[in-house]
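Q: I would like to learn how to read a few features of a protein model. Can we go through them one at a time, with the general idea and then the case at hand?

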Amino acid sequence: MRAGICDMVTIARHLNLTLVVPELDKKSFWADPSDFGDIFDVDHFISSLRDELMIVKELPLKLQLRTKKRLYSMPPVSWSNETYYLKRILPLARKHKVIHFDKSDARLANNGLPIQLQMLRCRVNFEALRFTPQIEALGKKLVSTLQRNGQFVVLHLRYEMDMLSFSGCTHGCSSKETEELTRMRYAYPWWKEKEIDSEAKRLEGLCPLTPEEITLVLKALGFTKDTLIYIASGEIYGGERRLAALKAAYPKLVRKEKILSPDELRPFQNHSTQMAALDYMVSLASDIFIPSYDGNMARVVEGHRRYMGFRKTIVLDRKKLVELLDLFQGGALSWDEFSGAVKEAHKSRMGRPTERKIIPGQPKEEDYFYANPQECLGSNGGLRDVS
């Protein structure tokens with residue numbers, strides 16, 4: 001959501017067009033009815049970018065009447081550069097007066113854009129997109145409560161039902177659960193991939209680690225039993241049963257539902273994006289951030305933590321880890337050999353400064369801009385002065 005908004009602001013600025021405050025997806029699996037203003041501070045968003053472009057809360061009446069008859073709607077081509085928008089999109093905007101993008105994910109290239117556009121993406125993400133006062137206040141309370149207990153780790157445990165169903169990753173699931181996840185995947189027509197070989201995908205490192213696997217990885221990395229771990233996630237598939245090994249290894253395991261009272265959380269219930277915003281704030285503030293899968297939130301948090309001074313983020317090499325886990329659990333590696341190999345594999349995966357990988361013609365295989373917005377980072381984080 002954050003990345004899509006940043007891209008749309010950047011595109012509107014580049015084309016010198018007025019931007020209407022973005023609408024949010026309400027048709028996804030979570031069916032969250034939240035609007036932009038329920039998550040982000042709209043007035044701050046508009047005012048903080050007023051020197052860059054015009055942003056309005058809604059279309060002028062004349063254009064509202066015009067678009068009621070026919071609104072020109074389209075998905076821009078993914079991973080497009082600024083030339084595509086100037087040559088293909090700007091003429092359409094001039095012709096139709098209003099153009100509605102029905103997709104905003106990954107619609108701007110990772111690399112090869114003018115430095116001014118890359119810097120604007122960062123300015124929107126790190127300065128203009130402020131959460132609402134209600135979310136900010138509750139998020140700060142969560143953070144301060146955790147910090148009073150010393151250092152803490154955020155584990156972004158991406159093991160929710162929709163993630164497993166969409167990805168087809170069923171390692172460790174019962175046959176009944178596998179059938180349930182498969183039925184769900186077929187029930188959503190916009191999830192294009194239906195027949196998925198779960199084990200083959202896992203061996204390629206394309207599945208989130210299970211709670212049991214992440215438990216072994218944390219122990220191998222040297223996290224002791226007294227480590228305070230905050231789980232950032234939605235409802236874990238399989239519930240408490242799937243968290244049993246993790247809880248046994250790390251008794252100081254907490255979630256927002258354990259720290260905050262039901263009354264404090266009630267306004268946010270049934271609003272998954274607002275709950276995710278609270279997890280986002282805690283993830284930024286943590287001493288160490290560890291995602292079990294490199295999904296959108298994990299990657300944007302990684303980039304935001306780089307901006308904040310290259311805070312420690314352990315980006316797990318899932319392909320290598322699956323190989324090591326299978327060897328250890330099959331008896332081919334001792335615990336010391338397994339632990340040593342896990343530590344060795346992650347020596348250079350701790351969020352330190354690094355060049356973003358560029359693969360011409362294969363933007364999906366490149367490092368993601370929002371995970372490493374290197375154009376915007378100085379040696380200690382923060383927006384870089386390129387004037």
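This is a predicted model: local features need pLDDT of at least 70, side-chain atom pairs count only at pLDDT 80 or more; totals for chains, interfaces and linings use all residues.

Q: How many of the 14 residues of H6 are buried?
A: Buried means under 20% relative accessible area, exposed means over 50%, and partly exposed lies in between (1.4 Å probe, protein chains only). In H6, 11 of the 14 residues are buried, so the helix is largely enclosed by the rest of the structure. Among them are Leu117, Met119, Leu120, Val124 and Phe126, and also Gln118, Arg121, Arg123 and Asn125.

Q: Which helices do the buried residues of H6 pack against?
A: They pack against helix H1 (2-15), helix H3 (42-48), helix H5 (82-96) and helix H16 (296-307). Contact here means heavy atoms within 4.5 Å.

Q: How many disulfides does a search of the whole structure find?
A: A disulfide is a covalent bond between the sulfur atoms of two cysteines. The criterion is a pair of cysteine sulfur atoms within 2.5 Å. The search of the whole structure finds two. One joins Cys122 to Cys376, with an S to S distance of 2.0 Å. Cys122 lies in helix H6 (residues 115-128) and Cys376 in the segment after H18, so this pair ties together parts that are 254 residues apart in sequence.

Q: What is the torsion about the S-S bond of Cys122 and Cys376?
A: The torsion is about 80°, so this disulfide is right-handed. Cys122 is buried at 1% relative accessibility, and Cys376 is buried with a relative accessible area of 0%.

Q: Where do Cys169 and Cys207 lie?
A: Cys169 and Cys207 form a disulfide with their sulfur atoms 2.0 Å apart. Cys169 is in the loop between helix H8 (161-167) and helix H9 (175-187), and Cys207 is in the loop between helix H10 (198-203) and H11, so the pair ties together parts that are 38 residues apart in sequence. The angle about the S-S bond is -85°, and the link of Cys169 and Cys207 is left-handed. Both cysteines are buried.

Q: What is the pairing when the bonded cysteines are numbered in sequence order?
A: The pairing is 1-4, 2-3. Cys6 is in no disulfide, and the nearest cysteine sulfur, that of Cys122, is 8.2 Å away. Cys6 counts as buried at 0% relative accessibility. Cys173 is in no disulfide either, and the nearest cysteine sulfur, that of Cys169, is 9.4 Å away. Cys173 counts as buried at 15% relative accessibility.

Q: At what angle do the axes of H11 and H18 cross?
A: Two packed helices are described by the angle between their axes and the distance between the axes. Axes are lines fitted to C-alpha atoms, for helices over the stretch in contact, and angles run from 0 to 180 degrees between N-to-C directions. The axes of H11 (residues 211-221) and H18 (residues 335-345) come within 8 Å and cross at roughly 85°. That makes H11 roughly perpendicular to H18; the classes are roughly parallel under 35 degrees, roughly antiparallel over 145, roughly perpendicular from 65 to 115 and oblique for the rest.

Q: Which residues of H11 and H18 meet?
A: Leu216, Val217, Lys219, Ala220 and Leu221 of H11 meet Trp335, Phe338, Ser339, Val342 and Lys343 of H18. By class, this contact of H11 with H18 has seven nonpolar, one polar and two charged residues. Ala, Val, Leu, Ile, Met, Phe, Trp, Tyr, Cys and Pro count as nonpolar, Asp, Glu, Lys and Arg as charged, and the others, Gly among them, as polar.

Q: Is H11 roughly parallel or roughly perpendicular to H12?
A: The axes of H11 and helix H12 (residues 239-249) come within 7 Å and cross at roughly 20°. That makes H11 roughly parallel to H12.

Key:
Residues are numbered from 1 along each chain as its sequence is written. Side-chain values use heavy atoms; hydrogens and water are left out. Helices (H or I, at least four residues) and strands (E, at least two) are DSSP runs, numbered from the N terminus.
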